Amino acid sequence: MIRSRILTPSEACARAAALCDKCEQCSPDIIKKLTQWGVSSAEVSRILKKLIDSRYLDDNRFARAYAHDKLIFSGWGRYKIIQHLRAKRLERECVEQAFDGIEDSEYLSVAVKVVKEKARGLAGGLGIYENRLKTLRFAAQRGFEPSVITRIINRLVREQTETEAAD
């Protein structure tokens with residue numbers, strides 16, 4: 001990898017602020033960028049403090065935005081989102097507060113959507129035991145809790161049986 005010239009602290013701060021201005025960033029990612037740009041560790045902490053004080057950088061805000069976006073746009077569940085937030089090395093409090101802005105009804109509607117999408121692609125629907133297992137595994141890989149998935153699958157199976165009985 002070709003290394004570009006080392007940035008001055010003011011240039012690095014301006015570049016980091018511009019990066020934070022474009023989209024939410026977390027402090028571990030900014031620290032990594034600053035060190036890649038050749039900024040000394042003493043300057044990294046000063047730049048980080050400056051970004052936090054000027055509200056360009058907020059790990060709690062990042063965690064909430066990340067959780068919301070991954071739930072809505074990617075269809076990820078709580079477990080997978082938490083795992084990825086921990087991989088970013090965010091503090092435990094930030095990870096725990098990531099779901100504060102997400103309503104339970106919103107979370108459940110995304111889980112139902114994920115389960116229905118998987119069930120639609122299976123021949124025989126959820127009436128077949130193997131298909132229920134495949135759906136359960138699929139939704140679990142997406143990070144949804146087994147108890148939530150099981151409730152949704154049972155409800156959908158009940159609705160399917162009632163519909164078939166009415167016909």
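## Thr135 in helix 8

Thr135 lies in helix 8. Helices here are DSSP runs of H or I with at least four residues, strands are E runs of at least two, and both are numbered from the N terminus. The model is predicted: local features need pLDDT of at least 70, side-chain atom pairs count only at pLDDT 80 or more, and totals for chains, interfaces and linings use all residues. Residues are numbered from 1 along each chain as its sequence is written, and side-chain values use heavy atoms, without hydrogens and water.

Thr135 counts as buried because its relative accessibility is 0%. Buried means under 20% relative accessible area, exposed means over 50%, and partly exposed falls in between (1.4 Å probe, protein chains only). Leaving out residues up to four places away in sequence, Thr135 touches Val115, Lys118, Ala119, Leu122, Leu126 and Ile153. Contact means heavy atoms within 4.5 Å.

Axes are lines fitted to C-alpha atoms, for helices over the stretch in contact, with angles from 0 to 180 degrees between N-to-C directions. Angles under 35 degrees are roughly parallel, over 145 roughly antiparallel, 65 to 115 roughly perpendicular, and the rest oblique.

Val114, Val115, Lys118 and Ala119 of helix 7 meet Lys134, Thr135, Phe138 and Ala139 of helix 8. By class, this contact has five nonpolar, one polar and two charged residues. Ala, Val, Leu, Ile, Met, Phe, Trp, Tyr, Cys and Pro count as nonpolar; Asp, Glu, Lys and Arg as charged; the others, Gly among them, as polar.

## Helix 4 against helix 5

Helix 4 (residues 59–74) packs on helix 5 (residues 78–87) at about 140 degrees, with the axes 10 Å apart. That makes helix 4 oblique to helix 5. Phe62, Ala63, Tyr66, Ala67, Lys70 and Leu71 of helix 4 meet Ile81, His84 and Leu85 of helix 5. The contact divides into seven nonpolar residues, one polar and one charged.

## The whole chain

The protein chain has nine helices and zero strands. Its radius of gyration is 22 Å, well over the 15 Å that the globule rule gives for 167 residues, so the chain is more spread out than a compact globule. The radius is taken over C-alpha atoms, and the rule is 2.2 Å times the number of residues to the power 0.38. The C-alpha trace spans about 75 × 35 × 25 Å along its principal axes.

Buried residues make up 34% of the 167 residues.
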